[in-house]
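Let's take a friendly walk through a protein model. Please look at the sequence and the 3D structure first, and then read on.

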Amino acid sequence: MTVETTPTGILIIIALMAVVTLATRYGGAFVMSFVRISPRIESFINTMASSVLIAIIVPMAFSGDAGALAALATTTIIMLVTRRPLPAIAAGILAAALVRLLAG
Amino acid sequence: MSATPYPYQWQPARVRAEFFRLLPISLFVVAFGAAFGLAAVQEGLEPLQALLMSVTVFAGASQFAAVDMWGTEVSLVPLLAVVFAINSRHLLMGASLYPVLRELPPARRYGVLLLLTDANWAVAAQDYQNGRKNLEVIVGGGLVLWLAWVIGTILGVYFGGLLKDPQALGLDMVLGCFLLAMALGGKKSPRTLVAWGVASAAALAAWRWLPPNIHVVVGALAGGVVGFFWLETGRVAKPRPDPEA
């Protein structure tokens with residue numbers, strides 16, 4: 001099913017995108033409201049929560065360029081040493097910019 | 001009424017504090033928004049249409065993917081499938097906050113979730129792991145992130161030429177570095193490290209061999225399975241030396 005990108009068509013597309021995205025924001029909490037939260041379920045969602053971050057970052061590192069790798073490595077080191085997020089993030093971004101500048 | 005079923009102590013002052021806490025990261029989000037606005041008008045959207053999308057969808061990666069599929073005609077089902085796949089991580093994020101969210105009345109609960117996105121969720125999830133219930137960051141942080149995304153889009157559609165190459169400045173790595181810092185700042189038990197290993201392997205395998213855009217959900221669920229079968233024993237958190245790699 002195709003929609004022409006006329007003004008009306010685009011409005012319909014954007015509205016549907018908004019509805020689909022809102023459904024993802026609401027769906028998880030909605031489904032969980034029917035689940036009894038046993039210690040096992042709580043353990044599942046807590047472990048899942050910290051795994052979300054890893055599942056975003058690791059493929060990003062594998063698919064990224066040298067700048068991306070430098071950014072993630074730098075953030076890791078500074079974060080583990082200082083335990084302070086802002087310097088770690090800033091150093092990571094700077095590392096990406098530097099590596100890309102040098103790699104031309 | 002005796003005991004309220006919704007005991008969450010909502011602190012309006014903290015909403016404001018969390019707004020300012022996420023202000024620095026939001027400055028970078030402005031740059032992303034500008035990149036999106038530029039991409040959208042280059043693909044043929046009118047400025048107001050791009051703006052409407054940022055206001056109502058508020059999910060960067062899926063918006064980039066959507067305008068990538070733009071043309072004189074758009075295949076609706078594939079487009080919405082991509083949007084759903086990229087944003088399906090919200091399902092897990094919402095579910096993971098449910099133990100806190102259920103302490104809010106439903107109307108407010110779903111009001112809070114309107115503003116759920118990666119960065120403010122990461123803060124709330126990290127706080128929850130450290131024993132603090134913080135839904136105010138979803139609202140305060142979400143508002144500043146949303147404003148930044150909308151302002152960035154406006155800058156991009158009208159003055160797109162100002163920021164031609166956000167990658168050269170490393171700006172594409174802001175979210176990655178932010179999420180990584182949040183992950184490393186959380187509580188790390190041997191169980192978490194095993195879950196991370198499983199999640200990494202599953203996410204990479206899904207990224208390599210499964211249809212695109214579902215690796216986050218696959219990896220996160222695989223990590224969750226570790227928690228399902230391996231329960232943390234003992235309530236008292238003892239300080240542990242970092243296990244050697």
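Which pattern does chain B follow when read along the sequence? The pattern is α-α-α-α-β-α-α-α-α-α-α-α-α-α, and it comes to 13 helices and one strand. Here helices (H or I, at least four residues) and strands (E, at least two) are DSSP runs, numbered from the N terminus.

This is a predicted model, in which local features need pLDDT of at least 70 and side-chain atom pairs count only at pLDDT 80 or more, while totals for chains, interfaces and linings use all residues. Residues are numbered from 1 along each chain as its sequence is written, and chains are lettered from A and ligands numbered from 1 in the order in which they are written.

**Overall form of chain B**

The C-alpha atoms of chain B fill a box of roughly 60 × 50 × 35 Å along the principal axes. A compact globule of 245 residues would have a radius of gyration near 18 Å, so the 20 Å of chain B agrees. This radius is taken over C-alpha atoms, and the globule rule is 2.2 Å times the number of residues to the power 0.38.

Two residues are in contact if their C-beta atoms, placed from the backbone, lie within 7 Å.

| Chain | Residues in the contact |
|---|---|
| Chain A | 64 residues |
| Chain B | 83 residues |

On the side of chain B that touches chain A, helix α11 (residues 174-185) gives the most, with 11 residues.

The chains also share strand pairing (at least two bridges found by DSSP). Strand β1 (residues 2-4) of chain A and strand β1 (residues 73-75) of chain B run antiparallel, joined by three bridges. In this pairing, A:Thr2 stands opposite B:Ser75.
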